[in-house]
Amino acid sequence: MMNQYMRELEQDPFDPDEFVERMVRRSMQESRLKDDQFDPEMIHDIFTQAIQDLKVLQERQERKCARLEQAVQEEEKLYGAKLSEIMDQHLHCVGVFSSLDERMSRCGGRALNVGEKLGAARAPRARAAAARDLLSHLTHFLSPGPVIVDLFSDPNKLNEAADVIQKLHTIAQELPPEKFEIAKKKIEAKYDEIERTLIDEFGKAQNQGNMVKMKEIANIMTNFKGYSQCIDAYIETSQMNALLGKDIFSAVLPLCKKNYNIICNVFPNPDQVMSKFVLNIFHLKLQKYIQTKLADKNDVEKYLKNLYDMYNSTQRVCDELVNASFVSADSNSSTGDLRREALVNGALAGANDGYAAMEARRLKAILSNDLNSYYAEKQHVKKQIQGGGFQELRRDLQAVIGTRANINIAQIENYGGETFLSEQLVQKMLNDAKTSFLRCKTLCTPNELPHTAMTLLEVVTQHLLIEHVDYALDLGLQSIPIAEGKSPPQIYFFDTVKQANVIVRMFEEHFQESILPCISSSSKQTECLHKKTAIMDQLESKLDAGLERAISAIVSWVKLHLQTEQKKTDFKPEGDIDTIASPACLAVVSYLNSVMDKIHDGLEDDNRNSISLELAVRLHRVIYEHLHNFQFNSAGAMIAICDVKEYRSAVCGRGSRAAPAPAHGLFDALHALCNLLLVKPENLHQVCEGETLAEFDHSILLSFIQLRADYKSHKLSTFLKGLS
């Protein structure tokens, strides 16, 4: 049992509660009787025995701990004695090491002093030996006849020969030409020969991929005049078959990365060599490729597209090289002239000279072609339209003469309702212009951009706004008919206004998106905005003139139709009749409904409200004056009231198509005046002073009351004495 207690007590972690629970479960099992009863005395004995066992176990553990503590103390004393002995030995070693270090320092100083003395003694001897060797080689060049020396004829001694000839060449520069002219020429010839040989050997090593030999020759060549030729040879060989595909731009960055590693391992000045490598790509390879692509200038559209593509591709390559740190985007970089702008200009090499004039010529041609194709499709030949006050006077005189003579001499053509405005055409023209402005923004310098954009804007406004929109407005103005017959005038100008507004909005969006960014913050911005405003004012003036003429034609026809078709019996019928609007009124209302439909479809917001109100005011005046030409009995007054209701419904409308409030007020007042034709004589005074008519001038009320057929027979003036 003691062993079991030990196992349970040594569990990690130890839970005393769990330990007691296990003892309870074991004691319950051992003391269990029949019918699930248990013996409490047995449980008590079990726990008492367990407590005694645990006490014995505790005593046993305490004795063991005491023995272990004693053993640890003895070992601690032993290790302390050993550590003290080791420390003494360490101090002795430190002292010995310091003594040896001092002796080594003295020996080193003496050795260094001896070495310096030996070096000082050896350097003159080495220089003297080198000078002797050079003089011995120089004697070969001073001797008459060709120079025959193993050093210069043995290919295996090329590096040594290069070192010697380079030094001799330097010495030869100091020799007086009078006495040593022949020797200097021999040295110069041998110098050039060895230099060419080194360059050839460098090329062979490059073809073989022998970077060790390439590096060795490059280091030797740094002291030669032809070192740049060695670099040129490397660049030419590296780029010989590398940039030959259809799209050579995509091959530039991989080629630079590949050769940069070689250049860093071979040349002692890799940054300068890499700069020259990149310059050669742009100023030779890309320049030649771009010139080939842009050789044909006969097809302007294709030329400009290729120029734009070449410029963007060059810019893209420069961006890649900037990100790879081969090129600097900033002029203050250590790469010096190797800048993005310089590379782009070098590759294009003036390819965009004359671009602005060519772009303007292209845009003018394509917009003219768009317009000509559109009018040809419409089978329309453009006319020279003369404007001004004289033409307006002539038109009005023709209308008056034609009306009185009952002939049409004005010869107004409405083109079957064709407005000669096309949103599809304008969208195509704006897309073409957008392409031009995008190219302009990309290809022009900051100084050239505003002027070029201004030139392109003039082309767009001339063709789109003047030759298309302004011309269509002139045709629309001329096609507005004059009220001169029984047939109501067909007004198509509202359709023209609708399309013109849409086109102007399209142009405004194009101006904000494509044009304004090109001229913002420049001196041309104010001039450009002024010109645009002037053209917009010109178009708006013609739109206003056309709307005025259209309203005049509508009102004139209504007035003419009512004068000719309205019968006196309409308002003074005999016998019982149906109280409905008169035939003349119904014809006018039918026409006005179609006119109002066109106004609401063609005009927007404030324009629609102002035109609706102006038309309502003028029609109200015509109807008001028209009613004064008739006398009304009771039945006729009812018909007049029905007519006014119809006019009001047609002109003022309802809901979303309702005219402004003043228009409703005018016809409500006219309706109230018509009620004066119907009320009983004894109620006239009360009605005239009512809320609706109280603000009217008494002369207006009196003039309407005098239109009653019973005005004299009923002596109505006696009822109106208080109004006079």
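Where is the place of Ser 275? Please go on from there to the aromatic rings.

Modeller: Ser 275 has its place in helix 10, residues 270-293; helices here are DSSP runs of H or I with at least four residues, numbered from the N terminus. This is a predicted model, in which local features need pLDDT of at least 70, side-chain atom pairs count only at pLDDT 80 or more, and totals for chains, interfaces and linings use all residues. Residues are numbered from 1 along each chain as its sequence is written, and side-chain values use heavy atoms, with hydrogens and water left out.

Ser 275 has a relative accessible area of 16% and is therefore buried, a word that means under 20% relative accessible area, with exposed over 50% and partly exposed in between (1.4 Å probe, protein chains only). The side chain of Ser 275 reaches the backbone oxygen of Asp 271 at 2.9 Å.

The nonpolar core comes next. Such a core is a set of buried Ala, Val, Leu, Ile, Met, Phe, Trp, Tyr and Cys residues joined through side-chain atoms within 4.5 Å. The largest one has 177 residues, and Phe 267, Phe 282, Leu 321 and Phe 704 touch the most other members. Helix 16 (residues 449-479) gives the most to this core, with 15 residues.

Leaving aside residues up to four places away in sequence, Phe 267 touches Phe 202, Ala 218, Tyr 227, Ile 231, Tyr 234 and Val 273, where contact means heavy atoms within 4.5 Å. Ring pairs also link Phe 267 with Phe 202 and Tyr 234 into a cluster. Rings of Phe, Tyr and Trp (its six-membered ring) pair if their centres lie within 6.5 Å; planes under 30 degrees apart count as stacked, over 60 as edge-to-face and the rest as tilted.

By this rule there are 14 aromatic pairs. The rings of Phe 571 and Phe 630 have centres 5.2 Å apart and planes at 70 degrees, so this pair is edge-to-face. Phe 571 lies in the loop between helix 18 (524-565) and helix 19 (583-602), and Phe 630 in the loop between helix 20 (605-627) and helix 21 (634-652), so the pair ties together parts that are 59 residues apart in sequence. Phe 571 is buried, at 0% relative accessibility, and Phe 630 is buried at 7%.

Phe 571 also pairs with Phe 632: their ring centres are 4.8 Å apart and their planes at 45 degrees, so the pair is tilted. Phe 632, in the loop between helix 20 and helix 21, is 61 residues from Phe 571. With a relative accessible area of 1%, Phe 632 is buried.

Technical notes: Helices (H or I, at least four residues) and strands (E, at least two) are DSSP runs, numbered from the N terminus. A polar contact is a pair of N or O atoms within 3.5 Å; within protein, one must be able to donate a hydrogen and the other to accept it, and residues adjacent in sequence count only if both atoms are side-chain atoms.
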